[in-house]
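Hello,

Here is the structure I said I would pass on. Please look through it first; my notes on what was found come after it.

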Amino acid sequence: MQEIRRSYCGLCHPRCGTLLHLENGKVVQVTGDPDHPITKGVICERGRLMVDHLYHPDRLNYPLKRVGKKGAGEWRQISWEQALDEVAEKLSGLRKQYGAETLTFTHGTKRTYHWDCRRFFNLFGSPNTCGVNTICMCPSYATEFATYGGMIMGSEVPAAKCVVLWGCNASQSSPVNLSPKLIAARKNGAKLIIIDPRRINEVGKADLWLQIRPGTDLALMLGWIRLIITENLYDSDFVSRWTIGFEELKDAVEPYTPEKVSEITSVPAGLVTESARMYAANSPAVIPFGLGLDKQGVNSTQCARGRAILRAITGNLEVPGGEVFSLAGNVGKIRDAEYFELNEMLPESQRIKQLGVDRYPFFGFPGWEKTSAANKKLPEGYMAAPEAWHSNLAHAREVMNAIITGKPYPVTAAITLANNPLLALPNTKRVFEALQALQLYVVVDYYMTPSAAMADYVFPAASTVETSELWLTGRFCMACPQGIEPMYERRNSYDFYRGLGMRLGQEEYWPWERIEDVYDHCLEPIGLTFGQMVDQYGIFGEMEYRRYERFGFGTPSGKVELKSSIFEDLGADPLPQYREPVWSPAGSPALAEQYPLILITGSRFMPMYHSEQRQIDKARKKMPDPLVSIHPDTAKQLGLSEGDWAVISTPLGSIRQRVKISDVMHPRMVDIQHSWWFPERGAKLPELCGVFESNANILCPDDPEFCSPEIGSWPHSALLCRVEKEVEDMNTLKRKS
Ligand SMILES: Nc1nc2c(c(=O)[nH]1)N[C@H]1C(S)=C(S)[C@@H](COP(=O)(O)OP(=O)(O)OC[C@H]3O[C@@H](n4cnc5c(=O)[nH]c(N)nc54)[C@H](O)[C@@H]3O)O[C@H]1N2
Ligand SMILES: Nc1nc2c(c(=O)[nH]1)N[C@H]1C(S)=C(S)[C@@H](COP(=O)(O)OP(=O)(O)OC[C@H]3O[C@@H](n4cnc5c(=O)[nH]c(N)nc54)[C@H](O)[C@@H]3O)O[C@H]1N2
Ligand code: SF4
Ligand SMILES: [Mo]
């Protein structure tokens, strides 16, 4: 019997609408849903792998309890009831012994609901959720809340007259969302400026390409701001009516002449000037989010500030074809994630224990409380509220250190859901030491990952087609329907947290039995049920531009704060100041003698999504091995040929990847792929699926001097390394030693 059911793909952010083709109850093919109002039938090559993922023989299908030594790969299958009972009992005991802050959580990029985790943690009493948000998008969001009281959730790219792709590899990272919008913008005659140390695919269609030295973007931004001010290219009406701190900003950027910027960034001075003029003269203009800025460590937070300032002074905020961040019409009335997080339930006495908050108050409760308070002055439903899960976090390094040392207090238990800390977080050795030291480690995942292999309990997760989702953005709210019943005993994250909460005295806060009941509650204010939303795919709100004319901005002053009062109150630089990266030819010349090449990591590539798809044959056929990209001249000097195994080293350690010769790279730079592990090698120690062999994060540091002083963002880019031809397989070497 054949059947077609509507569902969605959640293998990355856009939540593309899909059709599941079933034969005798089994999904045999996934195609795009042509009636879907946003994705209109398009899905990417990864989305087409959903069938392989859904039925993969390595999928976790039942809860497992560790029976052998940690990491020995010996498990017993138990029921969800028993697993939840045991985990809850252990958590309860640890909370009694050490306090609720003894439990931590590590998260990845948004795959599941997240507010359910925050709700559970707030009710449990721990402020210590941590993870990749410290470097992924959230430094941008948090600083945008501080600067103009909202976060850009989707620039209006197709209608823009100028698009700046700044550290954003759209063809590989956003093939279904940003990439087609760029093409549409170009068709409409938009200018395209690329600022990227690599000659990415879009360079071929661009008006200008600035091959910037990694980690120096802030200097370029300050140069752009200076030029835009001195040549009177800014929107003086907007600046005088709607910003504060302009004079101070003007003074702060004064040193950044095109010549000085050129010296720092390696971009020719003429190009600095030409690009700034092109951006300022072609409004509306947009600078979509690019991780190349968030992942550069010391300067990342102020880069996000620099970009926000550029958007504001050029008059591009909240205009058609520009940078829009207010919510549209009815969409603003839907109960949002922050409503469900229950942050108010976590008392001050627990908030102050958040690990890392002393060093990075802006990214913990103090900063979040300030951005929240400013946001609450606006009428309800006008702007998204700053969610605690993406702007209020413990710092992962501080958490790992506390697990290892017991200081400032014992952190003894951790939950990981939809994250692979051994591959996603920097300084893998420290993370590994921490996972080993935990008294209780619980992982919820699709597969037995290297991180899951270190757990005491592993729970099987439902794929997105086995559950549902309400996906809220500024313009529309999308209802993503469950395609099929969960197979085996896979469940969604809501069931996991509710199951734990119900066993830990939180019964009154989990009244909704199923996730769809929660969505009904979300939609109550607009008089729809989740089922009705699914039938109509979602709702589009009416967009009102320049609403600040009526209500102001959600900042303490009600204006765009070019000089940030929130940063100033919290002891951070209120105006952006450029810092030389800690490891760089100019910043550490002695080190650069031993490690002469600039290292960037993690440029996205299809069809992989972070550490996923490594067990899917069709994906591995396309990308069988981890690749290090090297310029032909550099490869020649190092005696490297295409396909050789190379050893890449930083002062933190060495890994091996296969050489890809590519003139996309600057001769002084190399780019290594991130998140590589080898599921085929077996999930037990010491090999642990080869997680220590080609993993980029073995090379990436996270000590305080490498991190941004405001948020603690660590560097996955703008580092130094050495590359050598592998003389002998590192495994052979290891076995010998
Ligand atoms: N060196 C370097 N490191 C980086 C980066 C880089 O550029 N360079 N990028 C960083 C960035 S931006 C990010 S966002 C992180 C990504 O880091 P993560 O988001 O942690 O990504 P993964 O390592 O793939 O781990 C995600 C895990 O969640 C599982 N999973 C997927 N969907 C679900 C689900 O619905 N439920 C559950 N329970 N599990 C699920 C997957 O099987 C996988 O094991 O990596 C960061 N690390
Ligand atoms: N295929 C695939 N797509 C993904 C993901 C994935 O794992 N795989 N991950 C998703 C996630 S969580 C994220 S956060 C996004 C990120 O997606 P993007 O924002 O596109 O991020 P990246 O590809 O990491 O890097 C973008 C570009 O930054 C450049 N870059 C590196 N260092 C610097 C620098 O110092 N300055 C400048 N100007 N540029 C620099 C790199 O050359 C690269 O071209 O991708 C999402 N999409
Ligand atoms: S993996 Fe592809 S099909 Fe799936 S949500 Fe992402 S872009 Fe869409
Ligand atoms: Mo990310």
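Helix α18 (residues 396-405) and helix α20 (residues 428-437) pack with their axes 8 Å apart, at an angle of about 45 degrees. Helices here are DSSP runs (H or I, at least four residues), numbered from the N terminus. Axes are lines fitted to C-alpha atoms over the stretch in contact, and angles run from 0 to 180 degrees between N-to-C directions. α18 and α20 are therefore oblique to each other (under 35 degrees counts as roughly parallel, over 145 as roughly antiparallel, 65 to 115 as roughly perpendicular, and the rest as oblique). Their crossing is left-handed, which is said when the near helix is turned anticlockwise from the far one by less than a right angle; clockwise is right-handed.

On the α18 side the contact (heavy atoms within 4.5 Å) is made by Arg397, Met400, Asn401, Ile403 and Ile404, and on the α20 side by Arg430, Val431, Glu433, Ala434 and Ala437. By class, the contact of α18 with α20 has 6 nonpolar, 1 polar and 3 charged residues. Ala, Val, Leu, Ile, Met, Phe, Trp, Tyr, Cys and Pro count as nonpolar, Asp, Glu, Lys and Arg as charged, and the others, Gly among them, as polar.

This is a predicted model: local features need pLDDT of at least 70, side-chain atom pairs count only at pLDDT 80 or more, and totals for chains, interfaces and linings use all residues. Residues are numbered from 1 along each chain as its sequence is written, chains are lettered from A and ligands numbered from 1 in the order in which they are written, and side-chain values use heavy atoms, with hydrogens and water left out.

The axes of α4 (residues 138-148) and α13 (residues 300-313) come within 9 Å and cross at roughly 50 degrees. α4 and α13 are therefore oblique as well, and their crossing is right-handed.

There are 30 residues around ligand 1 (a heavy atom within 4 Å), and Thr109, Arg111, Asn419, Asp445 and Ser611 come nearest. Polar contacts are pairs of N or O atoms within 3.5 Å; within protein, one must be able to donate a hydrogen and the other to accept it, and residues adjacent in sequence count only if both atoms are side-chain atoms. An oxygen atom of ligand 1 is 2.6 Å from a side-chain N or O atom of asparagine 419.

Ligand 2 is surrounded by 34 residues. One of its nitrogen atoms lies 2.7 Å from a side-chain N or O atom of aspartate 217.

Regards

How values were computed
Helices (H or I, at least four residues) and strands (E, at least two) are DSSP runs, numbered from the N terminus.
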